Amino acid sequence: MAWAALLMMLMLIPLRRGPDMTDTPYFLPAVLMLAVALTVGHTTVRLRRHAEIAERKSLLSKTLYEFSRELSGALTAADVADTTFAFLASAVGARNARLIPPAEFIAPPFPVLASRLAACVEQARLNWEPLPDGALHALLPLAAASGTQGVLAFEAMPAVVSHPDFVEYIETVASLVAVALERSRFAEMARETEVRHASEVLRSSILGALSHDLRTPLAALVSMADTAALGKASPERQKRLLEAIRNQAMTICQQMMNLLDMAKLSSGSVELNRAWQPVDEVVGVVLTQIRSQWRDREISVDLPRNLPPVCIDAVLIERVLWNLLENAIKYAPADAPIELAVRQLGDKLEISVSDSGPGLPAGDAGRLFNLFQRGRQESDVAGVGLGLAISRSIVEAHEGEIGASNRLGGGACFHFTLPIGNPPDVLALG
């Protein structure tokens with residue numbers, strides 16, 4: 001641009017021959033305009049260079065921002081590594097990238113040498129050496145506040161490495177990766193601590209429940225057995241003692257089964273054995289079991305005809321219904337009837353168990369379905385607070401819902417739903 005201005009200025013000077021050329025009135029303005037043109041051209045070139053640098057840095061800042069945002073979603077060290085490798089490949093054409101954790105510093109993977117790795121970590125700066133194919137093998141230490149999180153190794157072409165902004169750019173990348181690795185390590189430590197704490201709480205709860213709810217009935221069993229063994233009780237009283245021993249033994253057996261079921265459900269080792277079942281058969285089996293243990297309890301049943309079958313694991317759904325009925329029998333007065341109702345609600349089947357007892361405590365009824373939660377912590381009713389938690393796990397495994405609420409006339413109502421699905425056409429199959 002400056003040379004174009006110079007040519008234009010020269011064209012303004014008249015072509016004159018002889019010694020009088022320097023006396024032309026156009027010479028001084030031409031020199032001044034030439035100086036201005038050179039200055040403007042130089043300034044324009046410098047501003048353009050600064051604009052290109054600013055644009056390039058803005059683009060680099062944008063890529064770093066996008067990279068940091070992607071790293072914020074990485075939860076584990078493996079996620080951080082995968083995100084970093086993909087970014088380096090797209091940003092600087094890196095290849096064969098790998099993350100060397102501190103545990104591998106003594107024996108790093110080929111082609112990294114332990115001495116070179118140690119020097120890189122000690123100097124805390126980018127280190128590279130040429131490869132036979134002309135590329136450069138770079139080692140980039142990842143230093144964070146809590147120490148070195150590892151070393152990033154990758155291959156790049158010399159043209160990329162020799163760029164004046166490369167070192168600053170790649171060191172910024174290293175700081176972002178180091179912080180992300182540090183955060184993921186702390187998150188993993190927090191998760192492990194939380195799991196250990198939860199395990200300790202669960203262990204303490206199990207031990208407390210077993211101590212409180214199994215030791216007392218076992219002591220009662222021993223006492224009643226001793227009384228029956230002495231032979232001094234009347235035949236009628238011996239019959240009552242034996243019946244009480246049986247009921248206590250069944251209660252303890254039920255609590256142990258709840259503990260085992262909860263352990264299986266928590267570990268995810270239980271698989272549903274689904275089959276199309278008529279709901280009245282499931283209800284009939286559970287009522288037979290309930291009445292064999294509580295012969296004097298009145299249970300009214302509202303079971304409409306022509307209900308569609310449901311695809312369920314009948315054994316597990318029987319356990320849910322047993323738990324709800326047992327819960328109602330325990331907390332409702334002995335002379336209060338228990339109501340069992342089944343009805344179809346659109347594409348779902350709802351089963352409810354209602355009682356006329358004291359009802360649910362104030363607060364969130366959903367917490368009753370948590371582990372070791374009971375309606376009243378201090379109660380003479382036997383139980384470890386697992387029945388409702390097991391019921392919720394089983395119902396949710398069947399893609400259903402379970403809940404509880406207080407009745408308007410007093411008492412509580414526990415209910416759960418099961419999806420009906422597409423029952424097979426029995427007539428068509430026949």
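Contact here means heavy atoms within 4.5 Å.

**Figure 1. The whole chain, a predicted model.** The chain carries 12 helices and 11 strands. Of its 430 residues, 34% count as buried. Among contacts with a separation of 6 or more, 65% join residues 24 or more positions apart.

**Figure 2. Helix H10, residues 314-331.** H10 is 18 residues in length. From first C-alpha to last it reaches 26 Å, close to the 26 Å expected at 1.5 Å a residue. The helix is mostly covered. Of its 18 residues, 14 are buried.

**Figure 3. Helix H9 crossing helix H10.** Two packed helices are described by the angle between their axes and the distance between the axes. H9 spans residues 279-293. Its axis comes within 9 Å of the H10 axis, and the two cross at roughly 45°. The crossing is right-handed.

**Figure 4. Residues at the H9 and H10 contact.** H9 contributes Val282, Val283, Val285, Val286, Leu287, Gln289, Ile290 and Gln293. From H10 come Ala314, Ile317, Glu318, Leu321, Trp322, Leu325 and Ile329. By class, 12 residues of this contact are nonpolar, 2 are polar and 1 is charged. An α-helix has 3.6 residues a turn, so residues three or four places apart point the same way.

Methods. Residues numbered from 1 in each chain as written. Predicted model: local features only at pLDDT ≥ 70, side-chain atom pairs only at ≥ 80, totals over all residues. Heavy atoms only, no water. Axes fitted to C-alpha atoms, helices over the stretch in contact; angles between N-to-C directions. Helix = DSSP H or I, 4+ residues; strand = E, 2+ residues; numbered from the N terminus. Left-handed = near helix turned anticlockwise from the far one by under 90°. Nonpolar A, V, L, I, M, F, W, Y, C, P; charged D, E, K, R; others polar. Expected span 1.5 Å × (residues − 1). Buried < 20%, exposed > 50% of the residue type's maximum accessible area, 1.4 Å probe, protein only.
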